[in-house]
Amino acid sequence: LGIGVDGTRSIQLGEPVLPDDHTSDTPWRNHTFHGYAPSGDVTGPMVYANYGLPSDFEVLRRLGIDVSGKIVLVRYGECFRGLKVRNAQVVGAAGVLIYSDPEDD
């Protein structure tokens, strides 16, 4: 995660190759895309939305947190990743980042 002078953040989507882990140096190690999503460059504030379930977005709504136009950060698990993107789209999010939480491994 890098923070620019103007407060914008850039996120490295790939993972570095680890010298002690031969499995980290493969072109199949990082699938940092959603196959049917369009390419683009999304900039905006980020909001954490747990697993990206409808109930997670409902909790945010009840707390007065608007995700419209924001990038939503969600964890893998609980539902198909395409549904996470769809759920975020329904509430007006500009983009979705899905990450693997080591606590869920």
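Residues are numbered from 1 along each chain as its sequence is written, and side-chain values use heavy atoms, with hydrogens and water left out. As the model is predicted, local features need pLDDT of at least 70 and side-chain atom pairs count only at pLDDT 80 or more, while totals for chains, interfaces and linings use all residues.

**The sheet**

Start with the strands β3, β4 and β5. Helices (H or I, at least four residues) and strands (E, at least two) are DSSP runs, numbered from the N terminus. The three strands form an open sheet in the order β3-β4-β5, with parallel pairing; two strands pair if DSSP finds at least two bridges between them. β3 (46–48) and β5 stand at the edges with a single partner strand each, so one side of each has no neighbour in the sheet. On average, neighbouring strands are turned by 25° against each other, direction ignored. Axes are lines fitted to C-alpha atoms, for helices over the stretch in contact, and angles run from 0 to 180 degrees between N-to-C directions.

Next, select Tyr 48 and Leu 73. Leu 73, in β4, is the bridge partner of Tyr 48. Three bridges connect β3 and β4 in the parallel sense.

Contact means heavy atoms within 4.5 Å.

Select residues 81–90, which make up α2, and colour Gly 82, Lys 84, Asn 87 and Ala 88: these are the buried residues of the helix. Buried means under 20% relative accessible area, exposed over 50%, and partly exposed in between (1.4 Å probe, protein chains only). Their cover includes α1 (54–62), β4 (71–75) and β5 (95–99). Just after α2, stop at Gly 92, which takes a positive phi of about 95°.

**Salt bridges**

A search of the whole structure finds three salt bridges, each defined as a side-chain nitrogen of Lys or Arg within 4 Å of a carboxyl oxygen of Asp or Glu.

Between Arg 61 and Glu 58 the closest N and O atoms are 2.5 Å apart; the salt bridge of Arg 62 with Glu 58 is 3.9 Å, N to O. Arg 61 and Glu 58 are three residues apart in the helix, so about one helical turn separates them. Arg 62 and Glu 58, four residues apart, are likewise separated by about one helical turn. Arg 61 is exposed at 54% relative accessible area and Arg 62 at 58%, whereas Glu 58 is partly exposed at 28%.

**A nonpolar patch**

Finish with Val 59, Leu 63 and Ile 65, which make a nonpolar surface patch of about 260 Å². Patches are made of residues with over 30% relative accessible area and no salt bridge: like charges are joined within 9 Å, nonpolar side chains (Val, Leu, Ile, Met, Phe, Trp, Tyr) within 5 Å. Accessible areas come from the Shrake-Rupley method with a 1.4 Å probe; for residues, only the protein chains shown count as cover. Leu 63 lies in the loop between α1 and β4 and is exposed, with a relative accessible area of 62%.
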